[in-house]
Amino acid sequence: MYKFFGKYVPYLFLIPAIILLAVFFFIPFFQTLGLSVTDYSNGLYSPEFCGLRNYLEVIKDPVFLKVLGNTFLFLVLVVPFLTIFPLFVAILINQKLRGINIYKVLIYLPVVVSIVVCAIAFKWLYAQDGILNYFLSLIGILPVGWLTDTQFALISVAIVTAWKGVGYYMIIYLAALMSVPKELYEACEIDGANSFQKHMAVSIPHLIPVIALVSTISAISAMKVFAEIYVMTKGGPLNSSKTIVYYIYERAFENLDLGMASAMAVILLLIVLAMSAVNIFCFERDKYKL
Amino acid sequence: MKIKNILSHILLISLSIFALFPFLWLISTSLKGGGENIFAYPPRFIPTDFTFENYIGVWGKVDFIRYFINSFVVAVATVVLNLIFSSMAAYPLARMEFKGKKILFFAILATIMIPFQAIMLPIYLIILKLNLTDTAGIVNGYLGLILPFAVNAFGIFLMRQAFLTIPRELEEAAVVDGCNAFQIFTKVLLPMVKPTLAILAIFTFIGSWSEFLWPSIVLTDEKMFTLPVGINNLQGLFSSNWRYIAAGSIISLFPIIVFFLSLQRYFVSGENEGAVKG
């Protein structure tokens, strides 16, 4: 039937999106690749092709190695928590209780609040003479330099990311839980299972694809962490809380080292691309109707 | 059964406190006057020297209205452009056969996999080249904040999915009635996907409203600051005056809290999880 519309019609509808995606995705994508093999050390106006030299420089840069390690440590701190904890919250909240909707709203609230405000709020909790150290002192622990101690800074940032993500992943799990057939729970009840056994036997197996989905999307977003670090630590002290996006930002916009920043961007791109490909082709096929 | 319910309530209340505690402590600090030590041990939740002075003080020193307007203009424009361009692009992808459809489809899908953070440097160079920075005036400044996010593949796929669920017969009937493709799009298809448009609008708005990385790269003029950039800037303005920083942060929350509470069912019903990006 679409012959009625003429050959050009589909393209007319697609043009605005194609232009925008070309200018703000595809061209920058290829430019990133281009910049990563370009040397700007003779000034911004005399670029020179330099092969993989920027990459070599990146790999030899001790800060980059530190940053890469931090990024993976950050993932290890955040991803298991965000995969497991929101699942329990979702099971807890998937009940018929008075006021259940109020709980949902309150637990979800940090998701919609700007990360800047969240980070400022935590910075205040983390203050040297702050309330968190007071709570610790109650159980006899000496004050911790949450954001000033190289051992703690990255953990402190990860706590904010983890805390802010709970509501988001809770809702994803909740949606999946609501689609578990009720009959399965009823069958369990007839067999005399308690609610813990019910969830172990029915909910968890049913949710395995969603658990896989949550672990990949939380890993992808953990790879991109930036604002928490920018607001709270600026990557410090001594690079201890610097992750890859922050370092790219610093190299690109503060040091104007376009080549090295782009080489790191390509490395980030490859990691995230691999994760996203797994996610889209394994867990989200339905969403994109592939 | 009863005991189980009580236990659930206790756990849920603890979780709610866990979610809200950082904000509650910020509110408490923002209401403490100069006569009260905000570092007192043990910390006090209810201010002894209760005052709104910090709010008045920070309101007088920082142009929140300006930040708010900037954020609002950018978010609304981003939403409108996304609704138009995403649904336009989704229509042929869902409903028409044409040359290059497969390639386009995967090209758009690929943009989902490219993290913005990896290509932000060339995007910045493009924005500079197009002269869309705040140094070139207010409209250019806004465009520089809006255009990189004016369409995104998530929106296109969301709309495509919605169009796919509409029965073909409706379009066929419209063709018999003499509608052209554009009329089918605006009069038949769009009215049927209003709920999806609403979801796209809400989540695009939230995304734009809380965007921090891009505005902090492109903005140089304080008059152009969006709320997140402006709030981050409070830390520099009032270095150690936590009463002011706290009050300013809380002020910035009002619009988004109102927005969230009035549309909360879209966020927490669990039906729209596919709409949000991670």
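User: Let's start with the two chains. How many residues of chain A are in contact with chain B?

Analyst: In this predicted model, 80 residues of chain A are in contact with 78 residues of chain B. Helix α1 of chain A, residues 9-36, is the top contributor on the chain A side, giving 17 residues.

User: And what classes of residue make up the side of chain A that touches chain B?

Analyst: That side has 67 nonpolar residues, eight polar ones and five charged ones.

User: Okay, now helix packing. How do I read a pair of helices?

Analyst: Two packed helices are described by the angle between their axes and the distance between the axes. Here, take α7 (residues 153-178) and α9 (residues 195-223), both in chain A: their axes come within 10 Å and cross at roughly 145°. The crossing of α7(A) and α9(A) is right-handed.

User: Which residues of α7(A) and α9(A) make the contact?

Analyst: From α7(A) you've got A:T161, A:G165, A:Y169, A:I172, A:Y173, A:A176 and A:L177. From α9(A) come A:S203, A:L207, A:V210, A:V214, A:S218 and A:A222. Sort the residues of this contact by class and you get nine nonpolar, four polar and no charged.

User: What about the nonpolar core? How many residues does the largest one have?

Analyst: The largest nonpolar core has 171 residues. Those with the most contacts inside it are A:A119, A:M170, A:Y173, A:I248, A:M264, A:A265 and A:L268.

User: You mentioned domains. How far apart are the C-alpha centres of the two domains of chain B?

Analyst: Chain B is divided into domain 1, residues 2-51, and domain 2, residues 59-275. Their C-alpha centres lie 34 Å apart. The contact takes six residues from domain 1 and six residues from domain 2. On the domain 1 side, those residues split into three nonpolar, two polar and one charged.

User: Let's get down to the backbone. Where are the cis peptide bonds you'd point me to?

Analyst: Omega is the angle to look at. In chain A, a cis peptide bond joins A:G236 and A:P237, with omega at about -10°. A:P237 sits in the loop between α10 (227-232) and α11 (244-254) of chain A. In chain B, the bond from B:Y41 to B:P42 is cis, with omega near -10°. You'll find B:P42 in the loop between α1 (2-30) and α2 (53-61) of chain B.

User: And phi? What is the phi of A:L238?

Analyst: A:L238 has a positive phi of about 50°, although it is not a glycine. A:L238 lies in the loop between α10 and α11 of chain A. A:L256 is another non-glycine with a positive value, its phi being near 55°. Look for A:L256 in the loop between α11 and α12 (258-283) of chain A.

Conventions. Residues are numbered from 1 along each chain as its sequence is written. Chains are lettered from A and ligands numbered from 1 in the order in which they are written. This is a predicted model: local features need pLDDT of at least 70, side-chain atom pairs count only at pLDDT 80 or more; totals for chains, interfaces and linings use all residues. Axes are lines fitted to C-alpha atoms, for helices over the stretch in contact, and angles run from 0 to 180 degrees between N-to-C directions. Helices (H or I, at least four residues) and strands (E, at least two) are DSSP runs, numbered from the N terminus. A crossing is left-handed if the near helix is turned anticlockwise from the far one by less than a right angle, and right-handed if clockwise. Two residues are in contact if their C-beta atoms, placed from the backbone, lie within 7 Å. Ala, Val, Leu, Ile, Met, Phe, Trp, Tyr, Cys and Pro count as nonpolar, Asp, Glu, Lys and Arg as charged, and the others, Gly among them, as polar. Domain bounds come from an automatic or database domain assignment. A nonpolar core is a set of buried Ala, Val, Leu, Ile, Met, Phe, Trp, Tyr and Cys residues joined through C-beta atoms within 7 Å. A residue is buried if 20 or more other C-beta atoms lie within 10 Å of its own, exposed if 12 or fewer, and partly exposed in between; C-beta atoms are placed from the backbone.
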